[in-house]
Amino acid sequence: MRNSEKESISIAPPHSSENPPSRTNYSRTNSDSLVATPPLFNQSHFDIVLRRQRSRKEGKPKFTAVPSRFLNLTNDFEFAGWGSISHLTLTPEDICQSEVELRLFLEQQVLGQFTASALAANDILGGVFYTLPSVVAVAGVYSPISLFVAALTLFLWRPVMEELASALPISGAPYTYLLNVSTKSVALLGAALLLLDFSATAVVSAATAASYLAGEVSLPFPVYVGAALVFVLFTFVSLSGLRESARVATGILAMHAVVMITLIVASVIAWGRGGMAQLSSNWSLGHVGLSPAAIARQVFNGVCIGMLGLTGFECAPAYTSKMKQNCYPKVLRNLHLPALVLTSGMMLLVMALLPLGVVESGNNILSLLAQRVAGRWLRIIVVVDAVVVLCAGVLTGILSACELLVKLSCDRVLPGVFFATVPATGAPYVAVFSFIAFSALIYASTGANLIVISQMFTMVWLAVMALFPVSLILLRFSRPRLPRASQCSLFVVAGAISVTVTVAAGNVAIDPTIAGWFALYLIILLVLFFMSQNKVTILRWIYWAYDQLPWLHRLQLTKGWGDGLIRRMRNLRRREVCLLVKTDEINSLFNMILYVRHNEETSCLKIVHFHSGVVPSEMEANAKILDEAFPEITVDLMFIEGQFDPKNLAALAHHLKIPRSLMFMSSPGPNFRYPVAELGTRIISL
């Protein structure tokens, strides 16, 4: 029988005494015209079910009435295929592999509070070498006050960061925080800021180390060559792996602590011998002719610039999942309190022992202080310490950036090649080399200008620090059921945001060009991330433009471009994602699929439900409705008998070949037994 004859066959619903078999009822009006009345509910419902079953069986597209937007491409291109319903049994191989993955996850938690502190502490405590001259230039004799106030502001961020980490103890923060509480586009804004921050950390540390050394000895090469040599050296250190890098950082931090303690003790002794004369003289010279408003302005400017000395504090959340349990709050404390004492205390000793004119004209202030209180031998030690600690700041930037780049690769923002590791150490060498190349490009684009990089660094750091309270607000609004160990006051959150905005405005007022450099690099990164995240959308626009020019379809050189673009788009959309659902409520399922359509470029979606023998009654029916509602997505429904726990989840990921970072779920409640980090999934709904 021909297809046309097949399609003309109609099957009527079962006859009943109440409902006649006719599909349409007709009645005659007063004007003797026939009017068709709609079919009864049972008849229409039967016809709809019959049509859907026939369409599924014959593999027809889910829509035919809407015309295609392309001239030479039908709606078959948009149709992703009908979904299926199946029951899956996890194999012993899947279970075995999941146990291996969970064991590796636990073995990655190798950093205790001191080794984890050391990775970021070298950056935040090394800031004393490049922050003091900048603060003195704007705050003068009031520099100790400005630095102390700047360090006090971290008391606002510590409870915010602790609450975030207790709710979402995963690496790559605050990008990962935003990814779990907002959309992927917002999260990529955080990723761009983080990458800029880590790059500026590495560049400023390397360039300052070379400049500090050049200020003491005559180098046979320019400063930018010295910065490049620092990059090369710590590239090899970072390739030794996280554990070895943490040990190197701990050793450097121990040396720095010994040198700083020695310098402080020697300075206190010299201050005791010399008395208050120098401090009184500096104080008198510093505020001569200044009004109270001018003094307040100097202190405020010093606070704005002094925030640069706190950089490194934002790096600790980047490797939270590598820390042992319950040590993250201790790491934040270990970073904050020494910085509070060291920067302002050291600045006070400088003002008490060195003339104000010498302080304002010198770059290597601490080496001058060492010369004054103990002689040439301590000055040499301080210079060596400065160079080594600043170089360790490069290591902090590299390790933090690698965690972020690997996470972006897990989320399919970056290519999978970023997963490649050194077999002996497990270090992600592609991520390391890519970050070094990106940092070198930024340094070169500014003409190796350390001032420009430092200015941008301040704005980027403030923007990154603003992401933490913003993430917490979104977390409380979007994921209020997510369990957490601590909870801070909303006034603290508002205070952190207010401080960020105020200090950022102050820095722009000091030098408006800061905003220009910051915006330039941020826009470049955002464009790159947008292109990577929306590859299929960009290819569709390219195909549409190609489709509008018929002569391109006839040229020998270009006539095959259309087929190539279609194949590429289909290949990109075949990458699967997974929804882990607990309920059969269609509104919840619909919103989760909408999230996938707006945030992931895929046409293959698997809805997975773990059960203990009883399946929700409307799950299958609603899955079929949703499969028809989204023509561009194939919605498969899978039932798995078993408990929803990290082991079965890892086994499912192994069976489906879908990484757990692309498995989405609703927010767990306070009674959920497993930490989010152990599941490895993304939270996308309330």
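**View 1. Tyr142 sits buried, at 3% relative accessible area.** Here buried is under 20% relative accessible area, exposed is over 50% and partly exposed is in between, using a 1.4 Å probe and protein chains only. Trp283 is partly exposed at 39%. A quick note on what you're looking at: this is a predicted model, where local features need pLDDT of at least 70, side-chain atom pairs count only at pLDDT 80 or more, and totals for chains, interfaces and linings use all residues. Residue numbers start from 1 along each chain as its sequence is written, and side-chain values use heavy atoms, with hydrogens and water left out.

View 2. The structure holds 12 aromatic pairs. Rings of Phe, Tyr and Trp (its six-membered ring) pair if their centres lie within 6.5 Å; planes under 30 degrees apart are stacked, over 60 edge-to-face, and the rest tilted. Tyr142 lies in the loop between helix H5 (128-139) and helix H6 (143-152), Trp283 belongs to helix H12 (residues 277-286), and 141 residues separate them. Helices are DSSP runs of H or I with at least four residues, strands are E runs of at least two, and both are numbered from the N terminus.

**View 3. Tyr177 and Phe468 make another edge-to-face pair.** Their planes stand at 70 degrees with 6.4 Å between centres, so the pair gets that label. It links distant parts of the chain: Tyr177 comes from helix H8 (residues 175-181) and Phe468 from helix H19 (residues 450-478), 291 residues apart. Tyr177 is buried at 1% relative accessibility, and Phe468 is buried at 0%.

**View 4. Helix H5 is mostly covered.** Of its 12 residues, 9 are buried, among them Phe129, Tyr130, Leu132 and Pro133. From first C-alpha to last, H5 reaches 15 Å, close to the 16 Å expected at 1.5 Å a residue; that expected span is 1.5 Å times one less than the number of residues. Just past H5, Gly140 takes a positive phi of about 60 degrees.

**View 5. Strand E7 (residues 663-666) pairs in parallel with E4 (residues 577-580) and with E8 (residues 682-685).** Strands pair if DSSP finds at least two bridges between them. E4 and E7 share 3 bridges, and 3 bridges also join E7 to E8. Leu579 stands opposite Phe664 in E7, while Met665 has Ile683 in E8 as its bridge partner.
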